Amino acid sequence: MKRLLVFLRQPRSLFTHMVALLVGAMLVAKLGSWTASLDDKAATVRRTHVEEMLPRIANTSRILGILPRDLRNDTLAAIRARETRYTVDDQPILPPDQVLTDPQAIAARDRLMDLLDLPRSAVLFKMWNKSENAEPGWFHNPWAAIEPVEMGMKFSVRLPDGQWLNAVNRRMIQPTVWSSTSTWTLLTSILMVALATFYISRRLSRPLRDLADRADRLGRGEAVPALETERGPEEVRRAAHAFNAMGARIRRFVDDRTRILAAISHDLRTPITNLRLRVELLDEGETKSRMMETLDELRATVEATLSFTRDELAEEAVRADLSTLVESVCDDFADTGYPVSFTAADRLPLICRTGSMRRAVRNLIENALAYGGTARVSMRSDGAEAMIIVADDGHGIPEGDLERVFEPFVRLEASRNRRTGGVGLGLSIARSVVHGHGGDIRLHNRPGGGLDAVITLPILSGPHHDGIVFRNAA
């Protein structure tokens, strides 16, 4: 029941949106037509009652016309009804000069004249209901038609001997506003709308779902096939064409940029090596030491950039177990004597480039070891996202610099020593890798001291990944 209420309040898919909108529109239309028909239903009920009374009055008049006067009252007493009172009098209860203006009353009187074959002067008739004397207003309330209304009729029919049959009928009239037929009609209409909506939404939602899925995979750096461009409405086909063209341009741009960066990094290695050879020929001193330090730093930058671009160009995304991947990186550090610990976690399947993801986790652990002395790695998941937390016991980072440290070549002098702090690309590369997998990295200072680096990644598994071969990250 709770899920149904959530579905009705917050429809999520295109199908549920269309069903809710179309069924809602149909119910509003049904309510409007039903409301508009209430007056007709009430008029039909009143007309039916009048048509039932006319033959009864005509038959009663014929019977009394052939009976002696002394038997008429006994006969009327025998046929009396709870809603109708009959009397035989020497005078009519309605004025002979009465003028009718209601078309329904005129039609009823003429019908009674035809049944009795009498002139207009011999048949007097009046009809009213409780709302007859209500003051007219600008607004007509159709819902008033479903309320019980007292309907009244008076008849005065002249008998052959000159006496008058007078009858007064009063009855509470209430139309039947809903029936089992109406219920089945409404349910059938809802079912037909739901079936039509299901067919239409399937034709619309399937290409849109494919478009959203492949856009998400393209954003994570996966190689995705082109969308079908001959399926669905014109707008969907145009969106598929545009997505295919955009994906091709993005892939060309990323590949060209990565190749250029790799080529530049590769070409810089030769002049750096030549410069280092020339510096080594200089006399020992502070100048030579600083130049060697600068060249080493420049070489490390080039090597890091070249290694990163090489991985980006060569590696394809595969299905891997994130928990096993992170644990293997921690084991590599622990096996070489570094104080790195890992808290075991459940298996978390993820579509990723395992080499790049290893590099991102390794960069964060190296950062924690360099500036915090230790690295404690843990993982947790809420079912939709996986989090990798790398905690250290360092002094943390000023709040204003928590984002700036992700910029390339940025090193904070207060807590990042130039000799041991690398070239300032570790966090930048790590965030680039994680962004390429649809996640993010955030740094948080702990209240008691130390820094937490948190990688957040979406847990993605579904039918569109079935074609990717599972490979153990370890």
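Two strands count as paired here if DSSP finds at least two bridges between them; helices (H or I, at least four residues) and strands (E, at least two) are DSSP runs numbered from the N terminus. This is a predicted model, with local features needing pLDDT of at least 70, side-chain atom pairs counting only at pLDDT 80 or more, and totals for chains, interfaces and linings using all residues. Residues are numbered from 1 along each chain as its sequence is written, and side-chain values use heavy atoms, leaving out hydrogens and water.

**The sheet.** Start with the five strands of an open, mixed sheet, ordered S6-S8-S9-S11-S10. At its edges, S6 (340-342) and S10 (440-445) each pair on one side only.

Next, select 385-391 and 451-458: these are S9 and S11, which run antiparallel to each other and share seven bridges. Click on Ile389 and look across to S11, where Val454 is its bridge partner.

**Helix H5.** Move to 103-116, a helix of 14 residues. Which residues of H5 are buried? They are Ala105, Ala108, Arg109, Leu112, Met113 and Leu116, where buried means under 20% relative accessible area, exposed over 50% and partly exposed in between (1.4 Å probe, protein chains only). Looking down the H5 axis, you will find these buried residues within an arc of 140 degrees, so they line one face; the arc is taken from the directions between the helix axis and the C-beta atoms. Turn to the other side of H5 for Pro103 and Asp114, which are exposed.

How values were computed: Expected span 1.5 Å × (residues − 1).
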